[in-house]
Amino acid sequence: MQLFIKYKYLIHKEDSSKLKGDDYLEELVLKAKKNDKEAFTQIILVIRNDLYKLARVRLSNEEDIQDVIQETMIEAYKKIKQLKEPTKFKFWIIKILINNCNKKYRKKKKENSIFNEYEQNGYYLESYNNIEDINHTLDFYRMLKNLDYDERTIIILFYNEKYTSKEISDLLNMNENTVKSKIFRAKQKIKNNYKEGVKNG
């Protein structure tokens with residue numbers, strides 16, 4: 001599909017557009033629902049980094065990540081007319097992405113190798129209590145390495161995408177109380193790993 005040929009270029013290309021608000025995205029979605037291919041390309045530019053970050057915590061192989069995002073974009077393009085509420089586009093496409101990541105993950109059966117490529121030395125988190133700011137640190141993926149498959153995704157959705165535990169439960173088809181428990185456990189793991197790193201540092 002010609003629309004997606006340049007996707008790998010787009011995901012690393014600096015976005016020249018500064019209009020990344022919800023209103024702008026909703027406007028693009030409305031246009032895309034009317035077969036505006038340029039509008040859908042702009043949507044890719046707006047959300048590409050968020051999709052990449054989420055796929056990266058689900059999959060370890062860069063080629064798999066790119067394939068899954070490409071598949072997600074194509075599926076979203078084909079089904080966008082079925083989206084009844086344009087304001088929920090991002091929630092909708094993230095759910096498609098997660099489903100595609102899960103399919104790829106099950107096929108690969110490489111859970112034990114997840115994040116091996118992110119082995120690094122040292123910890124750079126200034127304050128383990130400031131969990132809300134972990135996405136701004138250089139060792140973000142290093143910290144996520146010790147979380148399990150679902151915990152990594154939940155942390156990304158909760159802190160980066162600002163979804164509630166209820167919304168995350170809908171995205172992952174998981175009980176809300178289970179989501180809350182996983183958030184708590186993930187935070188504890190991050191804190192404990194940081195303490196251990198400081199102790200051994």
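I began at the end of α8, where the residue that follows the helix is N173, and I noted that its phi is positive, near 55 degrees. I keep in mind throughout that this is a predicted model.

Staying with α8, which spans residues 165-172, I looked up which of its residues are buried and found S165, I168, S169, L171 and L172. Looking down the axis of α8, I see these buried residues fall within an arc of 160 degrees, so they line one face of the helix. As a reminder to myself, an α-helix has 3.6 residues a turn, so residues three or four places apart point the same way.

I then turned to α2, where Y24, L25, L28, V29 and A32 are buried. These residues cover an arc of only 135 degrees around the axis, which puts them on the same side of α2. On the face turned away from that buried side I found the exposed residues D22 and D23, while what covers the buried residues of α2 includes α3 and α5.

My last entry concerns the largest pocket, for which I recorded a volume of about 480 Å³. I list 20 residues in its lining, and those nearest its centre are D22, L25, T87, K90 and Y163. The elements that give two or more residues to this lining are α2 (22-32), α3 (37-58) and α5 (89-108). Which of the elements gives the most to the lining of the largest pocket? I found that α3 does, with six residues. Sorting the lining of the largest pocket by class, I noted eight nonpolar, three polar and nine charged residues.

Methods. Residues are numbered from 1 along each chain as its sequence is written. This is a predicted model: local features need pLDDT of at least 70, side-chain atom pairs count only at pLDDT 80 or more; totals for chains, interfaces and linings use all residues. Side-chain values use heavy atoms; hydrogens and water are left out. On a 1 Å grid over the protein atoms alone, a cavity is a set of points where a 1.4 Å probe fits but cannot get out, and a pocket is an open set with protein on both sides within 12 Å along at least five of seven lines; lining residues have an atom within 4 Å of a point. Grid points are joined across faces, edges and corners, and a volume is the space filled by probe spheres set on the points. Helices (H or I, at least four residues) and strands (E, at least two) are DSSP runs, numbered from the N terminus. Ala, Val, Leu, Ile, Met, Phe, Trp, Tyr, Cys and Pro count as nonpolar, Asp, Glu, Lys and Arg as charged, and the others, Gly among them, as polar. Buried means under 20% relative accessible area, exposed over 50%, partly exposed in between (1.4 Å probe, protein chains only). The arc is that of the directions from the helix axis to the C-beta atoms. Contact means heavy atoms within 4.5 Å.
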